[in-house]
Amino acid sequence: MNIITRKLIVKELYVNRWMVAGGALSGVASILIATLGKTGFNVGALTWLTTIIATGVMLALYGIMNERKENALQFVLSLPLSISEYVRAKMLGLFAGFLIMWSISCAAALLLVFLKASVPDGIAPYVTLLCVFMLANFAVVLCGALHAQSEALNSAVIVVTNMGVSIFMFTVGPMPGIQQHMWAPVPVWNDTFWTVLFCELAVLVIALTLPFVFAARRRDFL
Amino acid sequence: MYSGINISQTDARPMYLQIMEQIRARIAAGDWPSGKELPSIRALAAALNVSVITIKRAYLDLENEGVIVTRHGKGSFVADVNGLAGELQEERLEEHLTRAVEIGQSLGLSEDDLAARLRRAQRNLGKN
Amino acid sequence: MDHKHIEMRGVRKSYRFFTLDDLSLSLEPGEVMGFVGPNGAGKSTTLKLAMGFIAPDAGEISVLGHPMPEAQAAAKRDIGYVSAEMRLLPHATLGWHMEFVKSIYPEWDGGYAATLVKRFNLRPEQNARSLSLGEHVKATLLLALARRPRLLVLDEPTTGLDPVARHEVISEFMDVLRDDSRSILFSSHNTVDVERISDRLTFIDRGRIVDSSNKEDFLDRWRRIHVKLPAGTSLPELPNVFGRVNDGQFVTLTTNQYSEGLRALIGPHVREVQRMNLEEIFVANVMYHREVRGS
């Protein structure tokens, strides 16, 4: 990775610092709310989910589309870089920002699972899968935003992937391998778990490599 | 540095002529004595905010007139001032005469009419 | 460097409603080229092609010896690009941008940058979001000039600037030309400035270059000739004369190939021969070429 890619990644993190910080704080705050009884848990869990997804969407949308809309794209493009270096730096920078927020929020969630007595440790595999799902989800949104040439297409990507969360909760949740052990006192890392995890990671990798194949090869960037 | 030289874009005369005139005036007045080195083309261009090509043209024409001398690789210098003041005046006379002819034409004067007017002016001036 | 700074040959770029066709342009080191044309003629597209932001459908582009857009990363090391629609990154200050550009370009001249901040009346602590259009233009010019790039590519660089700021900016451009290895290509609607500082002029209209030459020659060739034709007389066939306007006995001719010979040809009824400024030439040139093309 050359110096200009590195500088751009740092710039990406700097420019989005408030979103990343805000997202991480909301994630942690949601977990704290989740410690307050049954209602608190439901509310906290919901806010925690929303926060992570919303920050991801904002990072992708704002990070990519806005630079274009605000005409700051020409400033960045006038730097000594090729289009593929720009796409790479954009992707890595935004992904890094999300990763920071995501790690903090997910760590908080797992801490809640393992430290709070009222929350059964058995739910840990499900929470892990949910976390990795949201990471893969972000990668897909990012990939879409990097390729989408119009805001309409971009919005479509976001809507579809948001639906994905609900679909995840309704399909993975009820899976026998998961459902059975959710409320158990000890986490069960069975085959179902590993299969789902593997699928999520596959989607993640594909979503992260696609831009290097397509978007980076674009010859017209403006 | 050369803020005294001023190029007006609203003047009818082309920029290079204005520059030539102002340089000639300074030379004739003695402010730029013979042998003095002229600013480099690019330096003058930057100082006056005028294109390099305009300065180049002015220097070229001044050299053709013998007002300055350019030594390749060394720069441009004011040539000997001999007869320059006279040259300047000759030029001014030509300009005035041409203008008089133009105005005379627009007034519909014939050549003889114009000549008569000139003689009258000379006589008037002689009286004072 | 013996290379031309910019060389475009037979460049073609098609869009749905507009095509840039058979565009050939060259810029020598030490030269200022003024790029003039009506809105929508293709000036911005040409400059973006030079920067590698878009790729041509046909033809070759070489900037500072690098083929574009393939070698744009290398070329842009030495090019300063400013466009009136360009903006800085929204949530950062001008000072941050200066540090950012400094960290990328080792040629950054901090002292010169500080001088420009004062000269352009800017404040480094100011957030990019709060800059006016004129301040944005000055800020992006500062970021480009302080690197002392070999080539400056400028798209309407005096947009939104008051006369004082314009004067400061033009002075900085001419300072660049003290070095005969540096050059400037700029497009502008400000014909007064273009006329003043350009060495060469290139006219573009509807995607095609209609004229490109040395500025002094250009200004020398164009004239308005005022003629008074008494009743019963008429003008002979005149080459290179167009834009004839009749008002009773008074006829105004426009020519783009003036010579004493032409004046003699017209005969004794010439009242006045006027030079034209770039704005007048610009309008006459465009209208003439549109007529010739039958549009």
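1. Let me start at one residue: A:Ala34 is found in helix α2 of chain A, which covers residues 17-34. Helices here are DSSP runs of H or I with at least four residues, strands are runs of E with at least two, and both are numbered from the N terminus. Please keep in mind that this is a predicted model, in which local features need pLDDT of at least 70, side-chain atom pairs count only at pLDDT 80 or more, and totals for chains, interfaces and linings use all residues. Residues are numbered from 1 along each chain as its sequence is written, while chains are lettered from A and ligands numbered from 1 in the order in which they are written.

2. Is A:Ala34 buried or exposed? A:Ala34 is buried, with 22 other C-beta atoms within 10 Å. The cut-offs are 20 or more other C-beta atoms within 10 Å for buried, 12 or fewer for exposed, and anything in between for partly exposed, with C-beta atoms placed from the backbone. Leaving aside residues up to four places away in sequence, A:Ala34 touches A:Gly40, A:Phe41, A:Gly44, A:Ala45, A:Trp48 and A:Leu112. A contact is counted when the C-beta atoms of two residues, placed from the backbone, lie within 7 Å. A:Thr5 is 29 residues from A:Ala34 along the chain, and their C-alpha atoms are separated by 40 Å.

3. Next, the helix pair around this residue. α2(A) packs against helix α3 of chain A (residues 37-69) at an angle of about 170°, with the axes 7 Å apart. The axes are lines fitted to C-alpha atoms, for helices over the stretch in contact, and angles between N-to-C directions run from 0 to 180 degrees. α2(A) and α3(A) are therefore roughly antiparallel; that label applies over 145 degrees, with under 35 called roughly parallel, 65 to 115 roughly perpendicular and the rest oblique.

4. On the α2(A) side, the residues in this contact include A:Met19, A:Gly23, A:Ser26, A:Gly27 and A:Ser30, and they meet α3(A) residues including A:Thr47, A:Thr51, A:Ile52, A:Thr55 and A:Met58. By class, the contact of α2(A) with α3(A) has 11 nonpolar, 9 polar and no charged residues. Here Ala, Val, Leu, Ile, Met, Phe, Trp, Tyr, Cys and Pro count as nonpolar, Asp, Glu, Lys and Arg as charged, and the others, Gly among them, as polar.

5. Stepping back to the whole of chain A, there are 9 helices and 0 strands. Its radius of gyration is 19 Å, close to the 17 Å that the globule rule gives for 222 residues, so chain A is as compact as a globular protein of that length. The radius is taken over C-alpha atoms, and the rule is 2.2 Å times the number of residues to the power 0.38. The C-alpha atoms of chain A fill a box of roughly 55 × 35 × 30 Å along the principal axes. Buried residues make up 39% of the 222 residues.

6. Chain C has 10 helices and 14 strands, and 43% of its 295 residues count as buried. Its C-alpha trace spans about 75 × 40 × 35 Å along the principal axes. The domain assignment gives domain 1 (6-209) and domain 2 (223-275), with bounds from an automatic or database assignment. The centres of these two domains, taken over C-alpha atoms, are 41 Å apart.

7. Which pair of chains has the most contacts among the 2 pairs that touch? The answer is chains A and C. Their contact takes 24 residues from chain C and 20 residues from chain A. On the chain C side, α1 (43-51), α2 (72-75), β6 (79-83) and α3 (94-104) give two or more residues each, and α3(C) has the largest share, 3 residues. That side has 14 nonpolar, 5 polar and 5 charged residues.

8. Chain C also meets chain B, with 20 residues of chain C in contact with 16 residues of chain B. The side of chain C that touches chain B divides into 7 nonpolar, 3 polar and 10 charged residues. No contact joins chain A and chain B, whose closest C-alpha atoms lie 27 Å apart.

9. Among the buried ones are C:Lys43 and C:Lys48. C:Gly52 follows α1(C), with a positive phi near 85°.
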